[in-house]
Amino acid sequence: MSLNCASLVFRVPCILGQPRRANTTKLTSTSYVGSCLSTHRKKSHQNNSFHIFSQLNFNQNNSSSSVMEDKRNLVLSSMEPEKYSKELDVAVRVVQMACSLCQKVQDSLISKTNSPVHSKDDNSPVTVADWSVQAMVSWILSESFGCRNVSILAEEDVQSLSTADATGPLDAVVKTVNDCLIEAPHFGLKGPQVPLGTSDVLEAISRCNSTGGPTGRFWALDPVDGTLGFVRGDQYAVALALIEDGEVVLGVLGCPNYPMKKEWLSYHHRYHRIISKLTPPSSESWDKGCVIYARKGSGEAWMQPLHQKNKLLAWPNSKKPVRVSSIDNPALATFCEPFEKSNSSHSFTAGLAHSVGLRKQPLRVYSMVKYAAIARGDAEIFMKFARTGYKEKIWDHAAGVIIIQEAGGVVTDAGGSPLDFSKGIFLEGLDRGIIACAGAKLHEKIIRAVDASWNSSSL
Ligand SMILES: Nc1ncnc2c1ncn2[C@@H]1O[C@H](COP(=O)(O)O)[C@@H](OP(=O)(O)O)[C@H]1O
(Lines give C-alpha, C1' and ligand atoms only; values in the text may rest on other atoms or scores of the structure.)
Protein backbone atom coordinates (compact mmCIF):
# COMPACT_ATOMS: atom_id res chain seq x y z
CA MET A 1 0.00 0.00 0.00
CA SER A 2 1.51 3.28 -0.97
CA LEU A 3 1.43 6.28 1.27
CA ASN A 4 -0.26 9.51 0.47
CA CYS A 5 2.76 11.74 0.44
CA ALA A 6 4.50 10.37 -2.59
CA SER A 7 3.31 12.91 -5.08
CA LEU A 8 5.42 15.96 -5.48
CA VAL A 9 3.92 17.32 -8.65
CA PHE A 10 0.59 18.28 -7.15
CA ARG A 11 1.55 18.41 -3.51
CA VAL A 12 0.67 21.56 -1.59
CA PRO A 13 1.32 22.45 2.04
CA CYS A 14 -1.45 21.19 4.22
CA ILE A 15 -0.52 22.11 7.78
CA LEU A 16 -3.21 23.98 9.67
CA GLY A 17 -2.85 27.67 9.23
CA GLN A 18 -0.46 27.48 6.31
CA PRO A 19 -1.44 28.60 2.86
CA ARG A 20 -2.47 25.45 1.02
CA ARG A 21 -2.31 26.62 -2.54
CA ALA A 22 0.22 28.52 -4.53
CA ASN A 23 -2.58 29.77 -6.73
CA THR A 24 -6.01 30.17 -5.20
CA THR A 25 -7.69 31.57 -8.26
CA LYS A 26 -8.93 28.15 -9.39
CA LEU A 27 -11.12 27.95 -6.34
CA THR A 28 -12.90 31.23 -6.72
CA SER A 29 -15.75 29.82 -8.78
CA THR A 30 -16.48 27.18 -6.19
CA SER A 31 -15.46 28.67 -2.89
CA TYR A 32 -18.70 30.43 -2.13
CA VAL A 33 -19.75 27.71 0.28
CA GLY A 34 -17.42 29.09 2.90
CA SER A 35 -18.70 32.61 2.34
CA CYS A 36 -22.30 31.38 2.44
CA LEU A 37 -21.58 29.78 5.76
CA SER A 38 -20.04 32.89 7.20
CA THR A 39 -23.00 34.98 6.08
CA HIS A 40 -25.30 32.67 7.98
CA ARG A 41 -23.04 32.65 10.97
CA LYS A 42 -23.46 36.38 11.29
CA LYS A 43 -27.20 35.89 11.54
CA SER A 44 -27.38 32.86 13.75
CA HIS A 45 -25.58 30.70 16.23
CA GLN A 46 -22.53 29.13 14.67
CA ASN A 47 -23.62 25.57 15.36
CA ASN A 48 -26.96 26.08 13.69
CA SER A 49 -25.70 27.63 10.53
CA PHE A 50 -24.98 24.44 8.70
CA HIS A 51 -28.50 23.09 9.12
CA ILE A 52 -29.97 26.34 7.93
CA PHE A 53 -27.58 26.34 5.03
CA SER A 54 -28.48 22.83 4.03
CA GLN A 55 -32.19 23.55 4.28
CA LEU A 56 -31.97 26.65 2.13
CA ASN A 57 -30.01 24.95 -0.56
CA PHE A 58 -32.00 21.81 -0.98
CA ASN A 59 -33.43 21.15 -4.38
CA GLN A 60 -37.05 22.25 -4.47
CA ASN A 61 -38.22 19.12 -6.29
CA ASN A 62 -38.33 17.16 -3.09
CA SER A 63 -41.48 16.27 -1.22
CA SER A 64 -42.78 18.72 1.32
CA SER A 65 -42.82 15.98 3.97
CA SER A 66 -39.08 15.54 3.63
CA VAL A 67 -38.64 19.26 3.94
CA MET A 68 -40.86 19.35 7.04
CA GLU A 69 -38.79 16.54 8.48
CA ASP A 70 -35.60 18.43 7.94
CA LYS A 71 -37.12 21.59 9.43
CA ARG A 72 -37.95 19.55 12.50
CA ASN A 73 -34.33 18.39 12.62
CA LEU A 74 -33.25 21.96 12.36
CA VAL A 75 -35.30 22.96 15.40
CA LEU A 76 -34.29 19.89 17.42
CA SER A 77 -30.63 20.07 16.64
CA SER A 78 -30.47 23.80 17.18
CA MET A 79 -31.45 23.37 20.81
CA GLU A 80 -28.33 21.49 21.81
CA PRO A 81 -25.20 22.91 20.29
CA GLU A 82 -22.40 20.47 21.08
CA LYS A 83 -18.70 20.39 20.43
CA TYR A 84 -17.84 19.18 16.94
CA SER A 85 -21.52 19.26 15.93
CA LYS A 86 -20.83 20.99 12.64
CA GLU A 87 -17.90 18.69 11.91
CA LEU A 88 -20.07 15.66 12.64
CA ASP A 89 -22.89 17.02 10.52
CA VAL A 90 -20.65 17.52 7.49
CA ALA A 91 -18.82 14.24 8.08
CA VAL A 92 -22.00 12.16 8.17
CA ARG A 93 -23.36 13.84 5.06
CA VAL A 94 -20.14 13.48 3.09
CA VAL A 95 -19.79 9.81 4.09
CA GLN A 96 -23.35 9.29 2.89
CA MET A 97 -22.32 10.84 -0.42
CA ALA A 98 -19.26 8.62 -0.54
CA CYS A 99 -21.39 5.52 0.03
CA SER A 100 -23.62 6.50 -2.85
CA LEU A 101 -20.60 7.04 -5.10
CA CYS A 102 -19.12 3.67 -4.10
CA GLN A 103 -22.35 1.81 -4.72
CA LYS A 104 -22.45 3.09 -8.28
CA VAL A 105 -18.84 2.16 -8.94
CA GLN A 106 -19.22 -1.26 -7.33
CA ASP A 107 -22.30 -1.94 -9.44
CA SER A 108 -20.39 -1.06 -12.58
CA LEU A 109 -17.47 -3.23 -11.49
CA ILE A 110 -19.74 -6.18 -10.91
CA SER A 111 -21.61 -5.75 -14.15
CA LYS A 112 -18.22 -5.15 -15.78
CA THR A 113 -19.55 -2.14 -17.62
CA ASN A 114 -16.78 0.12 -16.43
CA SER A 115 -14.30 0.90 -13.69
CA PRO A 116 -11.40 -1.50 -14.07
CA VAL A 117 -9.29 -2.38 -11.06
CA HIS A 118 -5.77 -0.92 -10.98
CA SER A 119 -2.71 -1.93 -8.98
CA LYS A 120 -0.70 0.30 -6.73
CA ASP A 121 3.09 0.03 -6.34
CA ASP A 122 2.63 -2.58 -3.60
CA ASN A 123 0.22 -4.53 -5.86
CA SER A 124 -2.79 -3.71 -3.68
CA PRO A 125 -5.90 -2.93 -5.72
CA VAL A 126 -7.24 0.55 -6.23
CA THR A 127 -10.30 1.66 -8.17
CA VAL A 128 -11.94 4.79 -9.45
CA ALA A 129 -13.94 4.76 -6.21
CA ASP A 130 -10.84 5.13 -3.97
CA TRP A 131 -9.58 8.22 -5.79
CA SER A 132 -13.04 9.69 -6.38
CA VAL A 133 -14.14 9.41 -2.77
CA GLN A 134 -10.90 10.97 -1.61
CA ALA A 135 -11.26 13.87 -4.06
CA MET A 136 -14.92 14.40 -3.24
CA VAL A 137 -14.48 14.28 0.56
CA SER A 138 -11.44 16.53 0.37
CA TRP A 139 -13.35 19.05 -1.75
CA ILE A 140 -16.44 19.07 0.50
CA LEU A 141 -14.45 19.37 3.73
CA SER A 142 -12.35 22.17 2.30
CA GLU A 143 -15.38 24.05 1.04
CA SER A 144 -17.29 23.54 4.29
CA PHE A 145 -14.56 24.56 6.70
CA GLY A 146 -12.25 26.61 4.53
CA CYS A 147 -9.23 25.22 2.81
CA ARG A 148 -6.80 26.61 5.36
CA ASN A 149 -8.59 24.99 8.26
CA VAL A 150 -8.69 21.51 6.84
CA SER A 151 -5.88 19.02 7.08
CA ILE A 152 -6.48 15.51 5.77
CA LEU A 153 -4.45 12.34 6.01
CA ALA A 154 -5.74 9.82 3.52
CA GLU A 155 -4.78 6.65 1.77
CA GLU A 156 -4.51 7.54 -1.91
CA ASP A 157 -2.10 9.71 -3.79
CA VAL A 158 -2.16 11.28 -7.24
CA GLN A 159 1.00 9.52 -8.26
CA SER A 160 -0.73 6.16 -8.30
CA LEU A 161 -3.56 7.76 -10.27
CA SER A 162 -1.33 9.22 -12.92
CA THR A 163 0.71 6.03 -13.23
CA ALA A 164 -2.24 3.62 -13.15
CA ASP A 165 -1.78 1.08 -15.89
CA ALA A 166 -5.15 1.19 -17.64
CA THR A 167 -6.03 4.08 -19.85
CA GLY A 168 -8.32 6.80 -18.73
CA PRO A 169 -8.68 6.34 -14.96
CA LEU A 170 -8.20 10.06 -14.41
CA ASP A 171 -11.04 10.95 -16.78
CA ALA A 172 -13.24 8.39 -15.05
CA VAL A 173 -12.36 9.84 -11.66
CA VAL A 174 -13.15 13.40 -12.75
CA LYS A 175 -16.50 12.26 -14.13
CA THR A 176 -17.33 10.19 -11.04
CA VAL A 177 -16.47 13.07 -8.72
CA ASN A 178 -18.61 15.53 -10.69
CA ASP A 179 -21.52 13.08 -10.95
CA CYS A 180 -21.39 12.74 -7.19
CA LEU A 181 -21.02 16.46 -6.41
CA ILE A 182 -24.09 17.25 -8.51
CA GLU A 183 -26.06 15.29 -5.92
CA ALA A 184 -24.63 17.29 -2.99
CA PRO A 185 -27.85 19.29 -2.34
CA HIS A 186 -29.75 16.05 -1.73
CA PHE A 187 -27.33 15.44 1.11
CA GLY A 188 -27.71 18.98 2.47
CA LEU A 189 -24.35 20.07 1.09
CA LYS A 190 -23.38 22.55 -1.57
CA GLY A 191 -21.74 21.36 -4.75
CA PRO A 192 -19.60 23.39 -7.13
CA GLN A 193 -21.19 25.96 -9.43
CA VAL A 194 -19.27 24.57 -12.36
CA PRO A 195 -17.95 21.02 -12.70
CA LEU A 196 -14.48 20.44 -11.29
CA GLY A 197 -11.71 20.20 -13.85
CA THR A 198 -8.93 17.64 -13.87
CA SER A 199 -6.55 19.92 -11.98
CA ASP A 200 -9.18 20.63 -9.29
CA VAL A 201 -9.68 16.91 -8.77
CA LEU A 202 -5.96 16.18 -8.66
CA GLU A 203 -5.46 19.02 -6.25
CA ALA A 204 -8.26 17.79 -3.99
CA ILE A 205 -6.61 14.36 -3.84
CA SER A 206 -3.11 15.65 -3.30
CA ARG A 207 -4.30 18.07 -0.62
CA CYS A 208 -4.79 15.03 1.64
CA ASN A 209 -1.12 15.05 2.52
CA SER A 210 -1.22 15.58 6.25
CA THR A 211 1.17 13.38 8.16
CA GLY A 212 -0.87 13.51 11.36
CA GLY A 213 0.97 13.76 14.66
CA PRO A 214 0.38 14.68 18.30
CA THR A 215 -0.86 18.26 17.94
CA GLY A 216 -3.51 20.06 15.96
CA ARG A 217 -6.50 18.77 14.15
CA PHE A 218 -6.69 16.57 11.09
CA TRP A 219 -9.11 14.26 9.36
CA ALA A 220 -8.11 10.64 8.71
CA LEU A 221 -9.79 9.16 5.67
CA ASP A 222 -9.86 5.70 4.19
CA PRO A 223 -11.91 6.34 1.05
CA VAL A 224 -12.57 2.64 0.45
CA ASP A 225 -11.46 0.38 3.26
CA GLY A 226 -11.35 -3.25 2.19
CA THR A 227 -10.75 -2.54 -1.48
CA LEU A 228 -10.46 -6.27 -2.09
CA GLY A 229 -13.96 -6.80 -0.70
CA PHE A 230 -15.14 -3.88 -2.78
CA VAL A 231 -13.84 -5.27 -6.07
CA ARG A 232 -15.23 -8.69 -5.22
CA GLY A 233 -18.70 -7.26 -4.72
CA ASP A 234 -18.52 -7.84 -0.99
CA GLN A 235 -18.22 -5.78 2.19
CA TYR A 236 -16.20 -2.56 2.36
CA ALA A 237 -16.37 0.68 4.32
CA VAL A 238 -15.80 4.40 3.98
CA ALA A 239 -14.05 5.63 7.10
CA LEU A 240 -13.66 9.22 8.21
CA ALA A 241 -12.34 10.31 11.60
CA LEU A 242 -11.42 13.64 13.12
CA ILE A 243 -8.29 13.54 15.27
CA GLU A 244 -7.40 16.37 17.60
CA ASP A 245 -4.18 16.52 19.60
CA GLY A 246 -3.62 12.83 18.98
CA GLU A 247 -7.10 11.74 20.13
CA VAL A 248 -9.88 10.55 17.87
CA VAL A 249 -12.82 12.88 18.56
CA LEU A 250 -15.24 11.87 15.81
CA GLY A 251 -15.70 8.73 13.79
CA VAL A 252 -18.00 8.03 10.86
CA LEU A 253 -18.16 4.66 9.13
CA GLY A 254 -20.16 4.12 5.98
CA CYS A 255 -20.96 0.46 5.36
CA PRO A 256 -22.95 0.36 2.10
CA ASN A 257 -23.39 -3.43 2.03
CA TYR A 258 -24.04 -3.97 5.71
CA PRO A 259 -27.08 -6.27 5.80
CA MET A 260 -29.94 -5.36 8.06
CA LYS A 261 -30.28 -9.04 8.87
CA LYS A 262 -27.06 -9.79 10.66
CA GLU A 263 -27.10 -13.44 9.52
CA TRP A 264 -26.25 -12.18 6.05
CA LEU A 265 -22.91 -10.89 7.28
CA SER A 266 -21.49 -14.40 7.15
CA TYR A 267 -22.40 -14.82 3.47
CA HIS A 268 -20.52 -13.39 0.60
CA HIS A 269 -22.40 -10.32 -0.42
CA ARG A 270 -22.79 -11.78 -3.91
CA TYR A 271 -25.32 -14.27 -2.49
CA HIS A 272 -27.25 -11.41 -1.02
CA ARG A 273 -27.45 -9.81 -4.45
CA ILE A 274 -28.69 -13.02 -6.03
CA ILE A 275 -31.23 -13.75 -3.30
CA SER A 276 -32.42 -10.16 -3.39
CA LYS A 277 -33.22 -10.64 -7.07
CA LEU A 278 -35.02 -13.92 -6.45
CA THR A 279 -37.15 -13.07 -3.45
CA PRO A 280 -39.84 -10.41 -3.33
CA PRO A 281 -38.72 -7.25 -1.63
CA SER A 282 -39.55 -6.72 1.99
CA SER A 283 -37.99 -4.01 4.06
CA GLU A 284 -36.46 -6.71 6.28
CA SER A 285 -34.69 -8.69 3.62
CA TRP A 286 -33.76 -5.94 1.21
CA ASP A 287 -32.60 -3.10 3.34
CA LYS A 288 -28.89 -2.86 3.58
CA GLY A 289 -26.28 -0.31 4.26
CA CYS A 290 -25.78 2.11 7.09
CA VAL A 291 -23.67 4.94 8.34
CA ILE A 292 -22.53 4.65 11.96
CA TYR A 293 -20.97 7.50 13.88
CA ALA A 294 -19.90 8.64 17.31
CA ARG A 295 -18.44 11.63 19.09
CA LYS A 296 -15.81 11.21 21.79
CA GLY A 297 -17.10 11.30 25.34
CA SER A 298 -20.78 11.17 24.37
CA GLY A 299 -21.24 7.56 25.49
CA GLU A 300 -23.42 7.10 22.43
CA ALA A 301 -23.04 5.75 18.92
CA TRP A 302 -25.63 6.18 16.23
CA MET A 303 -26.63 4.58 13.00
CA GLN A 304 -28.65 5.89 10.11
CA PRO A 305 -29.81 4.10 6.98
CA LEU A 306 -28.19 4.95 3.68
CA HIS A 307 -29.61 7.95 1.98
CA GLN A 308 -32.29 7.15 -0.55
CA LYS A 309 -32.02 8.54 -4.01
CA ASN A 310 -33.95 11.74 -4.72
CA LYS A 311 -34.81 12.34 -1.10
CA LEU A 312 -33.39 14.94 1.20
CA LEU A 313 -31.11 13.41 3.77
CA ALA A 314 -33.12 13.59 6.98
CA TRP A 315 -30.50 14.00 9.62
CA PRO A 316 -30.22 13.51 12.55
CA ASN A 317 -33.70 12.25 13.28
CA SER A 318 -33.37 9.19 11.08
CA LYS A 319 -30.73 7.97 13.49
CA LYS A 320 -31.00 5.04 15.86
CA PRO A 321 -28.71 4.35 18.78
CA VAL A 322 -26.38 1.38 18.53
CA ARG A 323 -24.94 -0.45 21.48
CA VAL A 324 -22.50 -3.32 21.87
CA SER A 325 -23.81 -6.76 22.73
CA SER A 326 -24.20 -7.75 26.37
CA ILE A 327 -23.01 -11.31 25.71
CA ASP A 328 -19.97 -12.05 27.84
CA ASN A 329 -20.04 -15.84 27.68
CA PRO A 330 -17.35 -16.90 25.16
CA ALA A 331 -19.39 -19.94 24.16
CA LEU A 332 -22.11 -17.62 22.85
CA ALA A 333 -19.84 -14.94 21.44
CA THR A 334 -19.14 -14.35 17.76
CA PHE A 335 -15.64 -13.28 16.81
CA CYS A 336 -14.75 -11.62 13.56
CA GLU A 337 -11.48 -11.25 11.75
CA PRO A 338 -10.13 -10.19 8.35
CA PHE A 339 -11.26 -12.32 5.43
CA GLU A 340 -7.74 -12.53 4.02
CA LYS A 341 -5.38 -14.70 6.01
CA SER A 342 -2.50 -12.68 4.62
CA ASN A 343 -3.85 -9.74 6.64
CA SER A 344 -4.25 -11.62 9.92
CA SER A 345 -3.15 -15.04 11.10
CA HIS A 346 -6.24 -17.25 11.09
CA SER A 347 -4.34 -20.08 12.75
CA PHE A 348 -3.26 -17.92 15.68
CA THR A 349 -6.78 -16.60 16.27
CA ALA A 350 -8.14 -20.16 16.00
CA GLY A 351 -5.80 -21.16 18.84
CA LEU A 352 -6.91 -18.18 20.89
CA ALA A 353 -10.56 -18.88 20.19
CA HIS A 354 -10.10 -22.44 21.37
CA SER A 355 -8.32 -21.49 24.58
CA VAL A 356 -10.86 -18.79 25.46
CA GLY A 357 -13.80 -21.10 24.78
CA LEU A 358 -15.22 -19.45 21.67
CA ARG A 359 -17.37 -22.03 19.96
CA LYS A 360 -18.79 -20.32 16.90
CA GLN A 361 -17.11 -20.23 13.52
CA PRO A 362 -15.25 -16.96 12.95
CA LEU A 363 -17.05 -14.31 10.98
CA ARG A 364 -14.60 -13.37 8.23
CA VAL A 365 -15.47 -10.00 6.81
CA TYR A 366 -13.56 -7.45 4.77
CA SER A 367 -12.82 -3.99 6.11
CA MET A 368 -13.90 -1.94 9.11
CA VAL A 369 -17.35 -3.44 8.77
CA LYS A 370 -16.01 -5.66 11.56
CA TYR A 371 -15.85 -2.62 13.86
CA ALA A 372 -19.41 -1.78 12.82
CA ALA A 373 -20.52 -5.33 13.65
CA ILE A 374 -19.17 -5.00 17.20
CA ALA A 375 -20.70 -1.55 17.70
CA ARG A 376 -24.09 -2.76 16.46
CA GLY A 377 -24.06 -5.77 18.75
CA ASP A 378 -23.89 -8.25 15.84
CA ALA A 379 -20.56 -9.71 17.01
CA GLU A 380 -18.66 -9.59 20.28
CA ILE A 381 -14.98 -9.84 19.38
CA PHE A 382 -12.67 -8.59 16.63
CA MET A 383 -9.09 -9.82 16.48
CA LYS A 384 -6.40 -8.90 13.99
CA PHE A 385 -2.84 -10.23 14.09
CA ALA A 386 -0.93 -9.00 11.06
CA ARG A 387 2.37 -10.54 10.06
CA THR A 388 5.46 -9.24 11.80
CA GLY A 389 6.68 -6.07 10.17
CA TYR A 390 3.30 -4.90 8.87
CA LYS A 391 2.51 -1.42 10.14
CA GLU A 392 -1.14 -0.62 10.71
CA LYS A 393 -2.29 2.73 9.31
CA ILE A 394 -4.39 5.02 11.45
CA TRP A 395 -7.07 5.49 8.75
CA ASP A 396 -7.81 1.76 8.95
CA HIS A 397 -8.85 1.99 12.60
CA ALA A 398 -9.56 5.51 13.90
CA ALA A 399 -13.26 5.75 13.03
CA GLY A 400 -14.00 2.18 14.12
CA VAL A 401 -12.22 2.50 17.44
CA ILE A 402 -14.14 5.54 18.64
CA ILE A 403 -17.45 4.12 17.47
CA ILE A 404 -16.93 0.88 19.42
CA GLN A 405 -15.73 2.75 22.50
CA GLU A 406 -18.71 5.11 22.53
CA ALA A 407 -21.06 2.17 21.91
CA GLY A 408 -19.75 0.65 25.14
CA GLY A 409 -16.94 -1.59 23.90
CA VAL A 410 -13.21 -1.83 24.48
CA VAL A 411 -10.41 -1.59 21.88
CA THR A 412 -6.72 -2.04 22.64
CA ASP A 413 -3.65 -3.64 21.17
CA ALA A 414 -3.00 -7.25 22.11
CA GLY A 415 -0.99 -6.12 25.11
CA GLY A 416 -4.01 -4.24 26.49
CA SER A 417 -2.76 -0.73 25.69
CA PRO A 418 -4.88 1.88 23.93
CA LEU A 419 -4.15 2.44 20.24
CA ASP A 420 -2.03 5.54 19.75
CA PHE A 421 -3.21 7.86 16.99
CA SER A 422 -0.70 10.58 17.79
CA LYS A 423 2.37 9.23 16.08
CA GLY A 424 1.68 10.00 12.44
CA ILE A 425 0.45 7.71 9.71
CA PHE A 426 1.12 4.46 11.55
CA LEU A 427 -0.16 3.01 14.79
CA GLU A 428 3.35 3.08 16.22
CA GLY A 429 4.15 0.92 19.20
CA LEU A 430 1.33 -1.47 18.50
CA ASP A 431 1.83 -4.57 20.61
CA ARG A 432 1.31 -7.61 18.35
CA GLY A 433 -2.29 -7.19 17.30
CA ILE A 434 -5.61 -5.45 17.78
CA ILE A 435 -8.41 -6.68 20.02
CA ALA A 436 -11.88 -5.13 20.12
CA CYS A 437 -14.55 -6.53 22.39
CA ALA A 438 -18.12 -5.77 23.35
CA GLY A 439 -17.22 -5.86 27.03
CA ALA A 440 -14.34 -5.78 29.48
CA LYS A 441 -14.80 -9.38 30.62
CA LEU A 442 -14.33 -10.87 27.16
CA HIS A 443 -11.52 -8.45 26.49
CA GLU A 444 -9.62 -9.50 29.61
CA LYS A 445 -9.96 -13.16 28.69
CA ILE A 446 -8.56 -12.61 25.21
CA ILE A 447 -5.66 -10.50 26.44
CA ARG A 448 -4.76 -13.20 28.96
CA ALA A 449 -5.01 -15.87 26.27
CA VAL A 450 -2.76 -13.87 23.92
CA ASP A 451 -0.19 -13.57 26.68
CA ALA A 452 -0.34 -17.24 27.49
CA SER A 453 -0.18 -18.45 23.92
CA TRP A 454 2.32 -15.99 22.51
CA ASN A 455 5.43 -17.88 23.41
CA SER A 456 4.17 -21.20 22.17
CA SER A 457 2.71 -19.87 18.89
CA SER A 458 4.41 -18.57 15.85
CA LEU A 459 2.58 -16.15 13.59
N1 LIG B 1 -0.41 -7.55 4.90
C2 LIG B 1 -1.34 -6.91 5.57
N3 LIG B 1 -1.55 -7.17 6.86
C4 LIG B 1 -2.50 -6.54 7.55
N5 LIG B 1 -3.34 -5.62 7.03
C6 LIG B 1 -3.18 -5.31 5.74
C7 LIG B 1 -2.19 -5.93 4.95
N8 LIG B 1 -2.28 -5.44 3.72
C9 LIG B 1 -3.28 -4.53 3.73
N10 LIG B 1 -3.81 -4.46 4.96
C11 LIG B 1 -4.89 -3.57 5.44
O12 LIG B 1 -6.07 -4.29 5.67
C13 LIG B 1 -7.14 -3.57 5.14
C14 LIG B 1 -8.27 -4.48 4.80
O15 LIG B 1 -8.75 -4.91 6.00
P16 LIG B 1 -9.33 -6.36 6.16
O17 LIG B 1 -8.20 -7.31 5.98
O18 LIG B 1 -9.85 -6.32 7.55
O19 LIG B 1 -10.40 -6.50 5.12
C20 LIG B 1 -6.58 -2.90 3.93
O21 LIG B 1 -7.32 -1.77 3.69
P22 LIG B 1 -7.50 -1.18 2.20
O23 LIG B 1 -8.33 -2.14 1.45
O24 LIG B 1 -8.17 0.11 2.44
O25 LIG B 1 -6.11 -1.05 1.64
C26 LIG B 1 -5.18 -2.56 4.38
O27 LIG B 1 -5.14 -1.31 5.00
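Visitor: Where does Arg432 lie?
Guide: In this predicted model, Arg432 lies in the loop that connects β13 (410-413) with β14 (434-437).

Visitor: And what is its phi like?
Guide: Arg432 has a positive phi of about 65 degrees, although it is not a glycine.

Visitor: Is Arg432 buried, exposed or partly exposed?
Guide: Arg432 counts as partly exposed, because it has 17 C-beta neighbours inside 10 Å, and a residue is called buried at 20 or more and exposed at 12 or fewer.

Visitor: Which residue other than glycine has a phi near 75 degrees?
Guide: That is Ser367, whose phi is positive and near 75 degrees; Ser367 has its place in the loop between β11 (363-364) and α13 (369-375). Ser367 is buried, because 28 other C-beta atoms lie within 10 Å.

Visitor: Let me step back a bit. How many helices and strands are there in the chain?
Guide: The protein chain has 15 helices and 14 strands. Of its 459 residues, 51% are buried, and among the contacts with a separation of 6 or more, 75% are between residues 24 or more positions apart.

Visitor: What domains is the chain divided into?
Guide: The chain is divided into domain 1, covering 25-322, and domain 2, covering 330-454. The contact between them takes 43 residues from domain 1 and 30 residues from domain 2.

Visitor: Which elements supply the side of domain 1 that touches domain 2?
Guide: Those that supply at least two residues each are β3 (152-154), β4 (217-225), α9 (227-231), β5 (237-244), β6 (247-259), β7 (288-295) and β8 (301-305). The most comes from β6, which gives 7 residues to that side. By kind, the residues on the side of domain 1 that touches domain 2 divide into 24 nonpolar, 11 polar and 8 charged.

Visitor: Several of those are strands, so what is the order of the strands in the open sheet?
Guide: The open sheet has 7 strands in the order β3-β4-β5-β6-β7-β8-β9, and the pairing is mixed. β3 and β9 are the edge strands, each of them pairing on one side only, and from one strand to the next the twist averages 20 degrees.

Visitor: How many bridges join β4 to β5?
Guide: There are 7 bridges joining β4 to β5, and these two strands run antiparallel. Within this topic, Leu221 stands opposite Leu240 in β5.

Visitor: Which strands does helix α4 touch where it packs on the sheet?
Guide: Helix α4 (residues 85-110) touches β4, β5, β6 and β7, and its direction makes about 30 degrees with that of β6. Helix α5 (residues 128-145) also packs on the sheet, where it touches β3, β4 and β5, and the direction of α5 makes about 150 degrees with that of β4.

Visitor: Now the ligand: which residues are closest to it?
Guide: The closest are Thr227, Pro338, Asn343, Tyr366 and Ala386, out of the 21 residues that surround the ligand.

Visitor: Changing topic, where is Val324 found?
Guide: Val324 is found in the loop between β9 (320-322) and β10 (335-337), and it counts as buried because it has 24 C-beta neighbours inside 10 Å.

Visitor: What does Val324 touch?
Guide: Leaving aside residues up to four places away in sequence, Val324 touches Ile374, Ala375, Gly377, Ile404, Ala407, Gly408, Gly409, Ala438 and Gly439. As for Asp225, it is 99 residues from Val324 in sequence and 22 Å from it in space, C-alpha to C-alpha.

Visitor: How many residues of helix α14 are buried?
Guide: Helix α14 (residues 398-406) is mostly covered, with 9 of its 9 residues buried; Ile404, which Val324 touches, is one of the buried residues of α14.

Visitor: What follows α14?
Guide: α14 is followed by Gly408, whose phi is positive and near 110 degrees.

Notes: Residues numbered from 1 in each chain as written. Predicted model: local features only at pLDDT ≥ 70, side-chain atom pairs only at ≥ 80, totals over all residues. Helix = DSSP H or I, 4+ residues; strand = E, 2+ residues; numbered from the N terminus. Contact = placed C-beta atoms within 7 Å. Domains from an automatic or database assignment. Nonpolar A, V, L, I, M, F, W, Y, C, P; charged D, E, K, R; others polar. Near = placed C-beta within 6 Å. Pairing = 2+ DSSP bridges. Axes fitted to C-alpha atoms, helices over the stretch in contact; angles between N-to-C directions.
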